[in-house]
Amino acid sequence: MEGTSTRQFRNICVFCGSQPGKNGDFVDAANNLGKVLAERKLHLIYGGGSLGLMGCISTAALVGGSQVLGIIPQALARGNLTGKTVGEVQHVFSMHERIANMLSHANAFIALPGGLGTLEEIFQIASWAHLNLHKKPIGLLNVNNFFDELFLFLDKAVECQFISQAARKIFVSASTANELLDKLKTFVYEPDAVLTQIDWTVGESKKRKLDLTLRL
């Protein structure tokens, strides 16, 4: 749902394809999003490299004056498989560590069109929101109605009672960068009441005690 308060963003994590897509509209949308982030004095976090839409948005944001951080697993960075990362680079060991670091650094998430990796990132960060691990908004930039069928799938999952109405509302969408960012700034997610009872600090507390015992 949308609330009356307005969030103050600094860092936006963008998920998108390492391919440019079939027509120029996807590239134009990525370039424009990077430009808009810079105009709004927002910084970009992305998956590293310089290929496809990832290269477009990171270059546009950096040229516009944004700080850019690419977080990329070492295995992907080797051999120039993904091209040179634009801006600062942070190497990690695994895909899980990459998205965990993205979550740590970002205030909000935006997905542009992309492939399997982009879909994985969208749903992983959304499932973490659903499980009350974070309350950061997630927006899909619906370029040329790219995500329409995904929304239909989500609606079908709600109809079949595999996804709750609350979880469906995690996803914010718009067809332009400025409209999407405005929506994200006023978005307030209300999680399922049952899931708010989950205490994710319990395991961490036990782990810290175990680590202390081992060091002693």
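Mentor: Glu159 counts as exposed, because its relative accessibility is 57% (buried means under 20% relative accessible area, exposed over 50%, and partly exposed in between, with a 1.4 Å probe and protein chains only). The model is a predicted one, in which local features need pLDDT of at least 70 and side-chain atom pairs pLDDT 80 or more, while totals for chains, interfaces and linings use all residues. Residues are numbered from 1 along each chain as its sequence is written, and side-chain values use heavy atoms, without hydrogens and water.

The partner of Glu159 is Lys156, and the two form a salt bridge in which the closest N and O atoms are 3.7 Å apart (a side-chain nitrogen of Lys or Arg within 4 Å of a carboxyl oxygen of Asp or Glu). Both residues sit in helix H6, which covers residues 148–159 (helices are DSSP runs of H or I with at least four residues, strands are runs of E with at least two, and both are numbered from the N terminus). Three residues, or about one turn of the helix, separate Glu159 from Lys156. Lys156 has 45% relative accessibility, so Lys156 is partly exposed.

The count of salt bridges comes to five. Another of them joins the side chains of Lys183 and Glu179, at 3.8 Å from N to O. Lys183 and Glu179 are four residues apart in helix H8, so about one helical turn lies between them. Lys183 is partly exposed, with a relative accessible area of 26%, and Glu179 is partly exposed too, at 35% relative accessibility.

Leu116, Leu119, Phe123 and Phe153 make up a nonpolar patch, with about 400 Å² of accessible area together. A nonpolar patch joins Val, Leu, Ile, Met, Phe, Trp or Tyr side chains within 5 Å, from residues with over 30% relative accessible area and no salt bridge. Helix H5 (residues 116–130) supplies the largest share of the nonpolar patch, three residues. Phe123 is found in helix H5 and is partly exposed, with a relative accessible area of 31%.

For a residue at the other end of the scale, turn to Gly70. Gly70 counts as buried because its relative accessibility is 0%. Gly70 lies in strand S3, which runs over residues 68–73. Apart from neighbours within four places in sequence, Gly70 is in contact (heavy atoms within 4.5 Å) with Tyr46, Gly48, Thr85, Glu88, Val89 and Gln90. From Gly70 to Ala126 there are 56 residues in sequence and 21 Å in space, C-alpha to C-alpha.

Definitions and conventions
Patches are made of residues with over 30% relative accessible area and no salt bridge: like charges are joined within 9 Å, nonpolar side chains (Val, Leu, Ile, Met, Phe, Trp, Tyr) within 5 Å. Accessible areas come from the Shrake-Rupley method with a 1.4 Å probe; for residues, only the protein chains shown count as cover.
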